[in-house]
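Dear colleague,

I am passing on a structure that I would like you to look at. Please open it first, and then read the notes below it.

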Amino acid sequence: EGVVTATSDVRPTEDAIRGALASFTGVIDQVPPDYAAVKIDGRRAYDLARRGEAAEQAPRPVTIHRLELMGMADADHAVFEVDCGKGAYVRALARDLAAALRTVGHLSELRRTRVGNFLEGDAISLDKLDDLMHSAALSEHLRPVETALADIPALAMTELQATRLSQGQVVQVLGTEPGLVRVTADNRLVALAEVHDGDVRPVRVFNL
């Protein structure tokens, strides 16, 4: 949205683009775009940008696992695939890549094909979801809760420990790494919990 802020006659070649990609993979420092949801002194960056107010943002580390040029339809358009971590802005990636190639650029289209373990091919439209809401076929499209928690370490407990945890009690499990864990008992998801000094405290209990 908005007006054109800069133009350039420079059109990078495929070889030039591919040569620049290595500088944008791994852990990199990235300044969020002006039109972003991040807060600056309590106000959203996009609100400031829409009011024409300058908003200085500090660079932040983000992880780009993979950045690949898929092709160029013409000299003005390049198509990429990106595999990135949380907090990375693909719009900022396009902006910074263009600057590294001594030109300017913006994102004309963005399609998200995966979020964690959820793939675009497994998604259903909102219209289809509305049609399925009151039918038995809905269950065929539902995933277990564990699917969304697969990247969180699992901690197996006995049924007695799990019962105490689900009642809000702290359970001690020595030798457990600190941090967030998903607690299971008899292959059943019990809770999300925080581990500190061997103490397991429930964060969210599931009654499944």
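Predicted model: local features only at pLDDT ≥ 70, side-chain atom pairs only at ≥ 80, totals over all residues.

Residues are numbered from 1 along each chain as its sequence is written, and side-chain values use heavy atoms, with hydrogens and water left out.

Gln30 lies in strand S1, residues 26-30 (strands are DSSP runs of E with at least two residues, helices runs of H or I with at least four, both numbered from the N terminus). Gln30 is buried, with a relative accessible area of 2% (buried means under 20%, exposed over 50%, and partly exposed in between, with a 1.4 Å probe and protein chains only). The side chain of Gln30 reaches the backbone nitrogen of Tyr89 at 2.9 Å. Beyond its neighbours within four places in sequence, Gln30 is in contact (heavy atoms within 4.5 Å) with residues including Ala58, Val62, Tyr89 and Asp96.

Ser23, by contrast, is exposed at 54% relative accessibility, and its place is in the loop between helix H1 (14-20) and S1. Although Ser23 and Leu97 are 74 residues apart in sequence, their C-alpha atoms are 8.9 Å apart in space.

Finally, Leu126 belongs to helix H4, residues 126-132, and is exposed, with a relative accessible area of 70%.

With regards

Notes:
Polar contact = N/O pair within 3.5 Å; in protein donor to acceptor, adjacent residues only side chain to side chain.
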